[in-house]
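Hello,

Here is the structure I promised to pass on. My notes on it follow below.

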Amino acid sequence: IQNQISETGFFGFLKNLNSAMSDALSAFLPDSGIWAFFVQFPLPIIIILFILFGAIAIFLDFIQDAWKLPFAMLVDIIDIMAILSPGFLDIIAAIASFLIFYILGRDTGSTRYFFGAAGAAKCLIPVPVIGLLPLNTIMMSIAAVIDFR
């Protein structure tokens, strides 16, 4: 395989691999209908299916944990409200940020501590532009996808 890749380049290797797969499949599958298309392009179809099924799996995993997002959005709303009246609301948003990641992010392992600390630090920074960033919502979206069960 190494010699073949170095002689033809990577895309040439993929073309040769597709051709070899096509030759092997043509002996077993009919040359009519959808099978003819699959016999002609087996490697791209397999790659496209892998990407499609991976995207579906990530989407369904996200949907399973999407119920956590409103809590992170609420913390971001409190932090935005704290821009006009800083102090107590900043502290409430920081504590809430850490708690939602600590309680709701149990399936992310030690990442929940990092996300909670980052969200709390963001809430305590007295720069209004940083307070406008929906960092807690973004991190909860990431945590909903990367659960390590």
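**Lys122 and its surroundings**

Leaving out residues up to four places away in sequence, Lys122 touches Asp76, Asp79, Ile130, Gly131, Leu133 and Leu135, where contact means heavy atoms within 4.5 Å. This is a predicted model, in which local features need pLDDT of at least 70 and side-chain atom pairs count only at pLDDT 80 or more, while totals for chains, interfaces and linings use all residues. Residues are numbered from 1 along each chain as its sequence is written, and side-chain values use heavy atoms, with hydrogens and water left out.

Lys122 lies in helix H6 (residues 111–124); helices are DSSP runs of H or I with at least four residues, numbered from the N terminus. Lys122 counts as buried because its relative accessibility is 4%, buried being under 20% relative accessible area with a 1.4 Å probe, protein chains only. Its side chain reaches the backbone oxygen of Leu133 at 2.7 Å.

**H3 and H8**

The axes of H3 (residues 42–65) and H8 (residues 135–145) come within 8 Å and cross at roughly 120°. Axes are lines fitted to C-alpha atoms over the stretch in contact, with angles from 0 to 180 degrees between N-to-C directions. On the H3 side, Ile58, Asp61, Phe62 and Asp65 meet Ser141, Ala144 and Val145 of H8.

The buried residues of H3 are Pro42, Leu43, Ile45, Asp61 and Asp65. H3 has 24 residues and spans 35 Å from first C-alpha to last, close to the expected 34 Å, which is 1.5 Å times one less than the number of residues.

Regards

Terms used:
Helix = DSSP H or I, 4+ residues; strand = E, 2+ residues; numbered from the N terminus. Buried < 20%, exposed > 50% of the residue type's maximum accessible area, 1.4 Å probe, protein only. Polar contact = N/O pair within 3.5 Å; in protein donor to acceptor, adjacent residues only side chain to side chain.
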